[in-house]
Amino acid sequence: MDTTIPDQLGDIARNLWWCWQPEVWRIFEELDPERWRETYHNAAAFLDGMSREELTARARDRALASRIQNAHRRLGEYLEQSGPRANMEAGPLHASPVAYFCAEFCLHESIPIYSGGLGVLAGDHLKSASDQSIPIVGVGLFYHQGYFRQGIREDGWQIEREGEVNAEDIPIEKVTA
């Protein structure tokens, strides 16, 4: 499959596999470190603000093209290894996956729908199930207001930064069926 660098980065950004692969998320960081920080390490929002031409030029200027192709290939291999053949013990679940209900899931900082321990635990469960090819669907709440981001002033006091969560800017998809 011969795809362009922007298409490969788009495929990677739309699957949270990248956030558990330090060598992959570093590609986004190396493309534009400042923008990576500004988007709170959100690969989808990061790509939305750059043209295809700019992405291609930056990747070539920074000699990232082969790393992007390798990451894209690895994502494809990961996706091929999932499914009914990946974990025969979970076979019956492939017809009817486990529904995991929780108010919040901490999957990555780019999806600000968690506030603490419960979300972290739920996110760990989803990651473990993914690693073991156990079909599971996380069902939770989506707060458009999200949670605040914490900062610390020079005098040591906490600063809260409220933020609206734009569903178009985070790597999630609405499921209606």
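**View 1. Tyr 40 counts as partly exposed, at 35% relative accessibility.** The model shown here is predicted, and local features are described only at a pLDDT of at least 70, side-chain atom pairs only at 80 or more, while totals for chains, interfaces and linings use all residues. Residues are numbered from 1 along each chain as its sequence is written, and side-chain values rest on heavy atoms, with hydrogens and water left out. Tyr 40 sits in the loop between α3 and α4 (helices are DSSP runs of H or I with at least four residues, strands runs of E with at least two, both numbered from the N terminus). Although Tyr 40 is not a glycine, its phi is positive, at about 55°. "Partly exposed" covers the range between buried, under 20% relative accessible area, and exposed, over 50%, for a 1.4 Å probe and protein chains only.

**View 2. The loop between α3 and α4 also holds Thr 39 and His 41.** Thr 39 is buried, with a relative accessible area of 12%, whereas His 41 is partly exposed, with a relative accessible area of 25%. If residues up to four places away in sequence are not counted, Thr 39 touches Ala 45 and Phe 46, where a contact means heavy atoms within 4.5 Å. His 41 has a positive phi of about 60°, and yet His 41 is not a glycine.

**View 3. Helix α2, which spans residues 22-31, has Val 24, Ile 27, Phe 28 and Leu 31 among its residues, and these four are buried.** Around the axis of α2 they cover an arc of only 90°, so they lie on the same side of the helix; the arc is taken from the directions that run from the helix axis to the C-beta atoms. The cover over the buried residues of α2 includes the helices α1, α3 (33-38), α4, α5 (52-61) and α6.

**View 4. His 144 lies in the loop between β2 and β3, the latter being residues 149-152.** With a relative accessible area of 45%, His 144 is partly exposed. In sequence, His 144 and Ala 167 are 23 residues apart, while in space their C-alpha atoms are 7.7 Å apart.

**View 5. The largest pocket has a volume of about 1,800 Å³.** Its lining is made up of 46 residues, and those closest to its centre are Leu 16, Leu 107, Pro 171, Ile 172 and Glu 173. Two or more lining residues come from each of the elements α1 (5-13), α4 (43-48), α6 (65-81), α7 (117-131) and β2 (136-139), and α7 gives the most, with five residues. A pocket is an open set of points on a 1 Å grid where a 1.4 Å probe fits, with protein on both sides within 12 Å along at least five of seven lines, and lining residues have an atom within 4 Å of a point; the volume is the space filled by probe spheres set on points joined across faces, edges and corners.

**View 6. The protein chain as a whole has seven helices and four strands.** Followed along the sequence, these elements come in the pattern α-α-α-α-α-α-β-α-β-β-β. The protein chain has 177 residues, of which 34% count as buried. Among its contacts between residues at least 6 apart in sequence, 59% join residues that are at least 24 apart.
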